[in-house]
Amino acid sequence: EQKPSDPVTFRRQKHGGSAFDSRRGRLVLFGSDTHGEDWTNSPLFFNVAAREWTRLYPNDDPTTYRVNDDGIPVAGTSGNHPWAMHTFGAVTYHPVHDELIVSSFPQHLELGRFTDALAGMWLHIRCHPTWTLNLTTGKWTPLPGKPIHFFPYAAAFDSDREVVIGYRANGIYELAGRPGTWKKIEGKGLLGYHNNTVYDSRHRALVVFGSVEDSNDIVVYVPATGQHRKMPTPGERPPKDQHTPMAFHPGIGKTVVLVDRKREGVHPRNLSKEQTETWLYDLGNDAWTKVESATLPFGCGMNYNMEYDPGHGLVLLVANAPDAPTAVWALRL
């Protein structure tokens, strides 16, 4: 749990995404609640062994925000950082390239949507690119190809084919090559926005859960066969939910999903009155199991900040009870 004396403290951004830097054994958070009120645009790193947070650079003041000569929104005194933005599940680590891939854009800073803070420059934007962050050099680079935005959707890294797979309501996309190029693979998604997704390396499939209307269906896409379907999943299921924390645990070959158990008569945003349940989805048997010993005493709400740490065999979650400091929770299965 963060302490006021820590060198780096912050309020977790519920619209932000995460990835796990497996080369250095650290969680990476990137994303902002924006709406003209928050300007978090620096990646945050949590070193698991040292249990210590660091920041790549100070968050850029909004007075440095501009649109460069290529029509790309940039921030920082050198104009080499992306704007603060919602990222949801669209933050992915590419271990082969050692890059963080951010396939979202600052839609909620759009002129007249929530704020007019950037009214003088929004109309000059020609492209909201997919951004990559080289974790060796700390340098951001906008990809030159046509971007696909996974706002407010999710993407995952296919470790077998070394591509990023993104899932939207209007289709499935892949980012391959270097520099990466997006390509549409499937014409229609089977779940709405506020989904989350992981790559199940045991079954070589993309697993998708959650939707804006609340859902407890699992959707599976198998790249090798093109199979794409909503699973029948007989038997017990978790509560219906959306924007849930998810991570694939290769050691047990199951997808870990955290779901809020909403209480009758309690407002859904009163997270202090809810609990978060831990569920495991087994694609091979199309079955759910609830982990009774791993219930959190508060609701997570919108949270895309859960990752698997292969070095320690742990599932790591960045979360906090309302009005409590940001904390990292670890689960051993």
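Strand 11 and strand 12 pair in the antiparallel sense over 5 bridges, where two strands are said to pair if DSSP finds at least two bridges between them, and where helices (H or I, at least four residues) and strands (E, at least two) are DSSP runs numbered from the N terminus. This is a predicted model, in which local features need pLDDT of at least 70 and side-chain atom pairs count only at pLDDT 80 or more, while totals for chains, interfaces and linings use all residues. Residues are numbered from 1 along each chain as its sequence is written, and side-chain values use heavy atoms, with hydrogens and water left out.

Within the pairing of these two strands, Ala154 has Tyr167 of strand 12 as its bridge partner. The hairpin that strand 11 and strand 12 form has 4 residues between the strands, and in this hairpin Glu162 takes a positive phi near 60°. Strand 11 is also mostly covered, since 5 of its 5 residues are buried, buried meaning under 20% relative accessible area, exposed over 50%, and partly exposed in between (1.4 Å probe, protein chains only).

Both strands belong to an open sheet of 4 strands, which has the order 11-12-13-14 and antiparallel pairing. Its edge strands are strand 11 (154-158) and strand 14 (181-186), each of which pairs on one side only. Neighbouring strands of this sheet are turned by 25° against each other on average, direction ignored; the axes behind such values are lines fitted to C-alpha atoms, for helices over the stretch in contact, and angles run from 0 to 180 degrees between N-to-C directions. Further into the sheet, strand 12 (residues 163-168) pairs with strand 13 (residues 171-176) in the antiparallel sense over 5 bridges, and here Val164 has Leu175 of strand 13 as its bridge partner. Strands of a sheet pair through backbone hydrogen bonds, either parallel or antiparallel.

Most residues other than glycine have a negative phi, and most peptide bonds are trans.

A second open sheet of 4 strands has the order 19-20-21-22, again with antiparallel pairing. Strand 19 (246-249) and strand 22 (287-290) are its edge strands, each pairing on one side only, and neighbouring strands of this sheet are turned by 30° against each other on average, direction ignored. Strand 19 pairs with strand 20 (residues 254-261) in the antiparallel sense over 4 bridges, and the bridge partner of Met246 in strand 20 is Val257.

The loop between strand 18 (227-230) and strand 19 contains His243, which has a positive phi of about 40° although it is not a glycine. His243 counts as buried because its relative accessible area is 14%. Arg51 sits in the loop between strand 3 (44-47) and strand 4 (52-55), and it counts as exposed because its relative accessibility is 70%.
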